[in-house]
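Here is a short report for a first look at this protein. Keep the structure in view while you read.

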Amino acid sequence: MRLVDTHSHLDFEELASDLEQVLLRAAQKGVVHIITVGISMETSEKAISLSSNLDQVSATVGIHPHGAHAITEGERRLLLEWLSLPEVVALGEIGLDYYRNYQPRDLQRKCFAAQLDIAVQAQKPVVFHIREAFDDFFEIVSPLATKISGGIVHCFSGDWEIAKRCFDLGFFISIPGVVTYPKATTLQDVVKRSPLDRLLIETDAPFLAPHPYRGKTNEPAFVFYTAQKIAEIRGEGLEKIAEITTQNAVRAFGIPL
Ligand SMILES: [Zn+2]
Ligand SMILES: [Zn+2]
């Protein structure tokens, strides 16, 4: 069985301090590839250095909405340079977070739009982080959907109507461990109704560990429990869900498998 964790933060202390064991436990659960995601210039650089040392790890680079700011010319150039590296498979995570609102919404929109320009230029897919901001997301992204090289709405938190709009734009949605929580009925409904060829799975480790590890430090191995839940919801075998989501990850990110 092959699984891909399409979204984790291996540079965070909880995982970085125990990386060898984290990667070993992931391999033991069938995880053949992990995408480690940048949220700032500093963490993007760390993601690149991790991925250049490890065959089973790819990186993304970008500025998270929590750290939204006016992108400088130097940052723009560096992001473009990083995006030309083979181990950097996407721009992200970028987007809008109106749930936490750590930065003013106007600044979040500007930072997001500026990075979408970079995505158009770089022709690599985009990892979106969108929380309680889907109206603005669709307004900003729709005119650019055919100009960027594909998109992934990570840690999907919308309902079926929003999922359909993402699919209409040609995007994938990525299902987090949250789907294993009993109260996540909206997300479970999305998983049930979505075309299988549009679904990805992720941990968002070290955050949001799935049942039965809820509340503990999440890690790539636990993407297994998310795949297992998706198989249960869809009435399919785990091996089939693992293989399809793995092939989807190859299509979405062009990862070397
Ligand atoms: Zn995120
Ligand atoms: Zn993340």
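## Contacts and overall form

The model is predicted.

The protein has ten helices and eight strands. Its radius of gyration is 17 Å, close to the 18 Å that the globule rule gives for 257 residues, so the protein is as compact as a globular protein of that length. The C-alpha trace spans about 45 × 40 × 30 Å along its principal axes. Of the 257 residues, 48% count as buried.

Start with strand 4, residues 88-97. Nine of its ten residues are buried, so this strand is largely enclosed by the rest of the structure.

Strand 4 runs parallel to strand 3 (residues 57-61), and three bridges join the two. Here Thr60 stands opposite Ala90 of strand 4. Strand 4 also runs parallel to strand 5 (residues 126-131), with five bridges between them. In this pairing, Leu96 faces Ile130 of strand 5. To get from strand 4 to strand 5, the chain passes through helix 5 (residues 105-122). This β-α-β crossover is right-handed.

## The nonpolar core

In soluble globular proteins, nonpolar side chains tend to be buried together. Here the largest nonpolar core holds 76 residues. Which of them touch the most other members? They are Val61, Leu91, Ile173 and Ile175.

Take Val61. Leaving aside neighbours within four places in sequence, Val61 contacts Gly38, Ser44, Ala47, Ile48, Leu79, Trp82, Leu83, Val88 and Leu91.

## Cis peptide bonds

A cis peptide bond links Gly92 to Glu93, with omega about 10 degrees. Glu93 belongs to strand 4.

Another cis peptide bond links Ala205 to Pro206, and omega is again about 10 degrees. Pro206 sits in the loop between strand 8 (199-201) and helix 9 (223-234).

Glu132 is not a glycine, yet its phi is positive, at about 50 degrees. The residue lies in the loop between strand 5 and helix 6 (134-141). Glu132 has 14 C-beta neighbours inside 10 Å, so it counts as partly exposed.

Cys155 also has a positive phi, near 45 degrees, without being a glycine. Its place is in the loop between strand 6 (151-153) and helix 7 (160-168). Is Cys155 buried or exposed? Cys155 has 23 C-beta neighbours inside 10 Å, so it counts as buried.

Terms used
Residues numbered from 1 in each chain as written. Chains lettered and ligands numbered in written order. Predicted model: local features only at pLDDT ≥ 70, side-chain atom pairs only at ≥ 80, totals over all residues. Helix = DSSP H or I, 4+ residues; strand = E, 2+ residues; numbered from the N terminus. Rg over C-alpha atoms; globule rule 2.2 N^0.38 Å. Buried ≥ 20, exposed ≤ 12 C-beta atoms within 10 Å, placed from the backbone. Pairing = 2+ DSSP bridges. Right-handed = clockwise from strand over helix to strand, strands pointing away. Core = buried A, V, L, I, M, F, W, Y, C linked by C-beta atoms within 7 Å. Contact = placed C-beta atoms within 7 Å.
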